[in-house]
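Hi,

Here is the structure I promised to pass on.

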Amino acid sequence: MAQPVLTFTDRGIYCPAGDFFIDPWRPVDRALITHGHADHARPGHRRYLATRAALPVMRHRLGDITAEGIAYGETRRIGDASVSFHPAGHLPGSAQVRVEVGGEVWVVSGDYKTTPDGLCEPFEPVRCHAFITECTFGLPVFEWAPQQAVADEINAWWATNAAAGRVSVLGAYSLGKAQRVLSLVDSGIAPILTHGAVEATNAVLRDQGYALPETHYVTPDLKAKDYPGALVVAPPSALGSPWMRRFGGASSAFASGWMALRGVRRRRAGDRGFVLSDHADWPGLHDAIKATGAERIFPTHGYTDIFARWLNASGWQAQVVPTEFGGAEDESDALIEPEAAS
Ligand SMILES: [Zn+2]
Ligand SMILES: [Zn+2]
């Protein structure tokens, strides 16, 4: 029997025909990277290949790497494999990786979101025989409201605080979620301030031409009273930290898919929780899987066991693949036991 197109090793997803890895978690010679989040784009590889749109953020985060950019949809031959990158809709520059060997096609989804958000390149389904899919939110309880409805909720919360003379601090991961939030809010309400981690990423993405509203970086000597009713976008770790003190009695909130769970909302949200995710919800995962036409599905990070069981019962051949994705800056870090997800 011929070798599988992709195999699962202790260093990550590997293509024997092309001798490369996809999003490996230990240093390798050649790494194809789906997107810039730290659990996918790790340091230490000898050579990187990623979309041209993903590279600036990767360089910003990883420093001086040997990296090559590829356009979405462009095919490249690596050994006996043909590879191409296709939009994953997760954040600016994010991609799924298509690998074809001897006429057999496998796709690695990376992290993905199927509904367009107006900021990043919209998700594109790719036909394949086997699909390696994330399933961070692979439970029926996760079904996202339309993006505009969430934007309206955030704007209403901010406007109410601004009218009461309060600052609003919104926790959002510095790459992806923060820029999505910025692209959704009504910048006419009051000024927008950003934590340094968010602003550094904004600067990289603005340089690439992604449209973001005007923001003011919170320097140590910034006076909150000069920005009455401001919205502050900061990484979740800044919420409740001493950094927050400068904003006085601010209202705080958190934007994440996990806010769909009441228990998490109580523990993490500050005053408010907005259900906004850069991952596919339960219907999105199904739509994406159906659209690939794949017979074999490999669920990775998320509710893999439950999701694989459901796939197997629904006519697919599903097999869980343990991975080391998930980390301190993506929603995949906050995995909740299914019991809590009722
Ligand atoms: Zn991610
Ligand atoms: Zn991830």
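Below is what turned up on one helix pair and on the aromatic rings.

Bear in mind that this is a predicted model.

Helices first. The axes of H1 (residues 55-62) and H4 (residues 196-208) come within 9 Å and cross at roughly 145°, and the crossing is right-handed. On the H1 side the contact is made by Pro-56, Val-57 and His-60, which meet Ala-200, Val-204, Leu-205 and Gln-208 of H4. Sorted by class, that contact has five nonpolar and two polar residues, with no charged ones.

Now the rings. Searching the whole structure gives 19 aromatic pairs. One of them is Phe-8 with Phe-298, a tilted pair at 5.3 Å centre to centre and 50° between the planes. Phe-8 sits in strand E1 (residues 7-9) and Phe-298 in strand E18 (residues 296-302), so this pair ties together parts that are 290 residues apart in sequence. Phe-8 is partly exposed, at 33% relative accessible area, whereas Phe-298 is buried, at 3%.

Tyr-112 and Phe-131 make another tilted pair, 6.1 Å centre to centre with 50° between the planes. Here Tyr-112 belongs to the loop between strands E10 (104-108) and E11 (130-135), while Phe-131 is in E11 itself, so the parts tied together are 19 residues apart in sequence. Tyr-112 counts as buried at 0% relative accessibility, and Phe-131 is buried at 0% too.

One last thing to look up in the viewer: Phe-137, Phe-142, Trp-144, Trp-258 and Tyr-303 are linked into a cluster by ring pairs.

Cheers

Terms used: Residues numbered from 1 in each chain as written. Chains lettered and ligands numbered in written order. Predicted model: local features only at pLDDT ≥ 70, side-chain atom pairs only at ≥ 80, totals over all residues. Heavy atoms only, no water. Axes fitted to C-alpha atoms, helices over the stretch in contact; angles between N-to-C directions. Helix = DSSP H or I, 4+ residues; strand = E, 2+ residues; numbered from the N terminus. Left-handed = near helix turned anticlockwise from the far one by under 90°. Contact = heavy atoms within 4.5 Å. Nonpolar A, V, L, I, M, F, W, Y, C, P; charged D, E, K, R; others polar. Phe/Tyr/Trp six-rings, centres within 6.5 Å; stacked < 30°, edge-to-face > 60°. Buried < 20%, exposed > 50% of the residue type's maximum accessible area, 1.4 Å probe, protein only.
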